[in-house]
Amino acid sequence: PATYFAAFYRSLNLSDDTNITLIRSDGAGLANRNLDRNFMTSTISLANGPLGDAMAKGPSGALEFFNNNTQTLRILGYRKVTGLPVTAIVGIDKSSALADVLSEQLNALFISGGLTLIIIALAGVILRDLRRQQKAEAHLTELNSQFSAMATNLPGVLYQRTRKPDQTGAVYTYISDAIVNLIGVQPDSIV
């Protein structure tokens, strides 16, 4: 069986930090693709240790442990093969397993940070424009007040008349309130 499984393991597209082991229920190794890509059979002690404890709890599961040989934190997943006294164990370096997730999280962080900066910049532009508009409106209100005060205090009527676009006559666009005293007509009825 070791030759068959060795050929099967070679056909899998696995990273270099992944190992796969098939063991019997007594712990005897049937086949193993270890980290240095060698294939061997050996006996794994299931009596003591985290793997044996985990396997005693159920037919499948996962655990995390520190591998003293490679000095890395590893994740092991195991599953007992239904109907056979065989368990498949797959192990991978935790940092490799999480590398894609961490990379995607970092990308998401950069994107969200960039979008946040864009939103802050746009908010600043909008706020600046609102302040300019408020300032312009305040200035226009002040000019209208000054103009109204001047028009009210003039001796006579102040008016503005423009030609119609078709050149057929003129239109009054402004007449001061003094017109009421002069001819008794409201400015709104003329404009």
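Two residues are in contact when heavy atoms of theirs lie within 4.5 Å, and the legends below apply this to a predicted model.

View 1. Asp-93 belongs to strand β5, which covers residues 86-93. Leaving aside residues up to four places away in sequence, Asp-93 touches Asp-17, Thr-72, Leu-73 and Arg-74.

View 2. Although Asp-93 is buried, it has no salt bridge. The nearest side chain of opposite charge is that of Arg-74, at 4.7 Å, whereas a salt bridge requires a side-chain nitrogen of Lys or Arg within 4 Å of a carboxyl oxygen of Asp or Glu.

**View 3. The open sheet of five strands.** The strands follow the order β2-β1-β5-β4-β3, and their pairing is antiparallel. At the edges are β2 (29-33) and β3 (60-67), each of which pairs on one side only. From one strand to the next, the twist averages 15°.

**View 4. The pairing of strands β1 and β2.** Strand β1, made of residues 18-24, pairs with β2 in the antiparallel sense over four bridges. Leu-22 has Ala-31, in β2, as its bridge partner.

**View 5. Helices α2 and α3 against the strands.** Helix α2 (residues 50-57) packs on the sheet, where it touches β1, β3, β4 (72-80) and β5, and its direction makes about 35° with that of β4. Helix α3, which spans residues 94-153, lies across β3, β4 and β5 and runs at about 65° to β5.

Methods: Residues numbered from 1 in each chain as written. Predicted model: local features only at pLDDT ≥ 70, side-chain atom pairs only at ≥ 80, totals over all residues. Heavy atoms only, no water. Helix = DSSP H or I, 4+ residues; strand = E, 2+ residues; numbered from the N terminus. Buried < 20%, exposed > 50% of the residue type's maximum accessible area, 1.4 Å probe, protein only. Lys, Arg positive; Asp, Glu negative; His and termini not counted. Pairing = 2+ DSSP bridges. Axes fitted to C-alpha atoms, helices over the stretch in contact; angles between N-to-C directions.
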